[in-house]
Every structure is written in C-alpha cells, then in structure tokens.
Amino acid sequence: MSKYINPYTDFGFKKLFGTELNKDLLISFLNALFEKSREIPKDEIEDITYLNAEKLGRSASERRAIFDVYCTTKSGAKFIVEMQNVFQQFFKDRSVYYSSFPIREMAKKDSKDEHWNYELQKVYTVGILNFVFKDEDKGIDNGELKTVNEFTDDDLFHVVMLTDLSTGKVFYKKLVYLYLEMPKFNKTESELVTMYDKWLFVLKNLSKLLERPKELQERVFEKLFRQAEIAMFSPEEYTDYEESLHNLWDITNAMNDAEMKGFGKGEQKGREEGREEGRHETLLALARQMKADNMPLDMIIKYSGLTQDEINNL
C-alpha cells in the first residue's frame, strides 16, 4: 500500500475535503479554481459550513441525491463537490439534476416572510473527473489527434454557465459548473507555479508520492500530507480506507476489461459501438457482484455509473 491516501477513493476524498477538521483544505482548493477561472468573480472563500449531503425528493417516489461534499459560504453560495471515477452516459444530466436540489431548497418560505421574490443564491457544482468527456475523449484539435502532453489548462478545466448564443455573453451567472478532466493534467513537479497547478498535481499523484515535494511547501499542503499519511490512521480508518480502495480497484479493472471487450467487438460492430457495449456489459457484471456483496445502493450507483432501475433489475 502507498504511503499516502488515494484521493480518488470515496473514503480518501471525504477525509481530505469533507470533514470540519480539514475544511481549510477544501477552501484552498476552491479558491485555486476561482483564481484560475476567467469567467467567474474572484470571490475569495474565507469560510464554509458543511451541509447534509443527502438530499431527499419531495415525495417517496422521487429520486434522492447524495453528494460527496456539500457546503455553503457566509454569503449563502452553495457548493457541490464531487469526485467521479466512472464515465456515465448521462453524466452532464446528472450534474444538472444534482444542482436542482440546492436551488429548490432556496424556495422554502421563510417563517418571517409570506412572499418570496425568487431571488437565488449562487450554486456551484465542482466535478473532479477521472475520465474525459465523451465528446472530447479523442482530443481532436484542427483535425489532429493530441497526445496527453499536448493538452493545456483550457483543455482540462471547463467553466460552464447559461449563455446567450446570439451574443456570446453569459445570460445567468449564479449557476456555475466547473469540471476538471484529470487525465489531461500532465505537469511535472518542476512546472508547478500556481496553487491551481499544485492542487491538480496533488489530486493526481498523491498516492504515488513517497514524500512531500519541495514545490509544495505551503502550509495547507503540509497539513494535507499529514492528514493523508496512511500510517497515522486509526484501525477503523485503515479498514474503511482499504475497503474503499478495493472498490476503486474493482471499478478500474472492470473499465479496463470493458475496453478490451469493446476492441474485440469493434471488429464486427464498429470500434466505438463495440467499446461502449463491452463497457456496459462489464459494469452490469460489476454491479451484480457489488449487489451480491450487499454494498449500499448509492455506492453501487457511484462506482458503476448505472441507474437505480438498472441495478434493481439485476
């Protein structure tokens, strides 16, 4: 096992970013994204309050949502922060659906006011993706295929807002989606300059490091490496992390298997169609095994990328 925790695991991500003890780590990371973006105001986040990450539907028949991290700032802005390891066919739809929960919460009538004027607070959805978007995974630029070392920050960091297509101007600034396609990040230690660079390097490489690089001397990273050291875990934490790590390995192996099946079927049905079918069949098998192991439904959905109905029908 590595010296430091793998932040791509469910346990690792929530330990580093989802606890009151380590909220300064999340604040630093979010501020780094704000500083990098040219489209959103440079509102420095000084403090956050963690909120209940489980959102229920308005009735028993409605679906619920469970966020990795859900918090609010002093100004009332809401942040949903998600680590997503598996490509989902309707991932963008899922992001929009999740963002509807904090919006709906704002519509609750205040006991002091009988009327609501529809004013909303800002809602940010931050997705740290261990895959690339389906419509961009070929990395095509001007008809030529890019190698991983040719990707730039503009290729991997996406800021999405409602836009007026006739003018090209942002129509609504209070609903923002920020996505990081982590496989496209390729900077080495010597190239780390900004806090944005340093945070992405840590997220991608933490579990591979043997010590804290000299380029990461800021106090926030000193704390992060201390919190991420597996040898300092309690027995209960170690057990939970080990289980979470095995779940990540299972889904990674399943995806690799899906790719291999896809290439095989590609000879008969077309490479892309065959790859997609192989991936889906393997994820069904993985979800079936998770279900047999009595894993919680929410975890099966998170790691397999399948819908609740697909899992219930297994």
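**Cavities, a helix face and the cores**

Two cavities of 30 Å³ or more are present in the structure, which is a predicted model. The largest cavity holds about 50 Å³ of space. Its lining consists of Ile80, Glu82, Phe91, Arg94, Ser95, Tyr98, Thr125, Val126, Gly127 and Tyr179. Three elements, β5 (78-84), α3 and β6, each supply at least two residues of that lining. Helix α3 gives the largest share, four residues.

Which residues of α3 are buried? They are Phe91, Arg94, Ser95, Tyr98, Ser99, Phe101 and Pro102. Viewed down the helix axis, these buried residues of α3 fall within an arc of 135°, so they line one face. The general rule is that an α-helix has 3.6 residues a turn, so residues three or four places apart point the same way.

Tyr118 is exposed, because its relative accessible area is 64%, and the cut-off for exposed is over 50%. Its phi is positive, about 75°, although Tyr118 is not a glycine. Most residues other than glycine have a negative phi.

The largest nonpolar core has 67 residues. Those with the most contacts inside this core are Phe17, Leu26, Phe29, Phe79, Leu180, Trp199 and Leu206. Helix α2 (residues 23-36) gives the most to the core, eight residues. Leaving out residues up to four places away in sequence, Leu26 touches Phe17, Ile48, Tyr50, Val69, Cys71 and Val81. Another core, of 11 residues, lies apart from the largest one. Among its members are Val123, Leu175, Tyr177 and Tyr179. Tyr179 also lines the largest cavity.

Finally, look at helix α5 (residues 195-205), which contains Lys198. Is Lys198 buried or exposed? Lys198 counts as buried, because its relative accessibility is 8% and the cut-off for buried is under 20%. Neighbours within four places in sequence aside, Lys198 is in contact with Leu192, Val193, Glu215, Leu216, Glu218 and Phe221. The C-alpha atoms of Lys198 and Ala32 are separated by 9.2 Å, although the two residues are 166 residues apart along the chain.

Methods
Residues are numbered from 1 along each chain as its sequence is written. This is a predicted model: local features need pLDDT of at least 70, side-chain atom pairs count only at pLDDT 80 or more; totals for chains, interfaces and linings use all residues. Side-chain values use heavy atoms; hydrogens and water are left out. A nonpolar core is a set of buried Ala, Val, Leu, Ile, Met, Phe, Trp, Tyr and Cys residues joined through side-chain atoms within 4.5 Å. Buried means under 20% relative accessible area, exposed over 50%, partly exposed in between (1.4 Å probe, protein chains only). Contact means heavy atoms within 4.5 Å. The arc is that of the directions from the helix axis to the C-beta atoms. On a 1 Å grid over the protein atoms alone, a cavity is a set of points where a 1.4 Å probe fits but cannot get out, and a pocket is an open set with protein on both sides within 12 Å along at least five of seven lines; lining residues have an atom within 4 Å of a point. Grid points are joined across faces, edges and corners, and a volume is the space filled by probe spheres set on the points.
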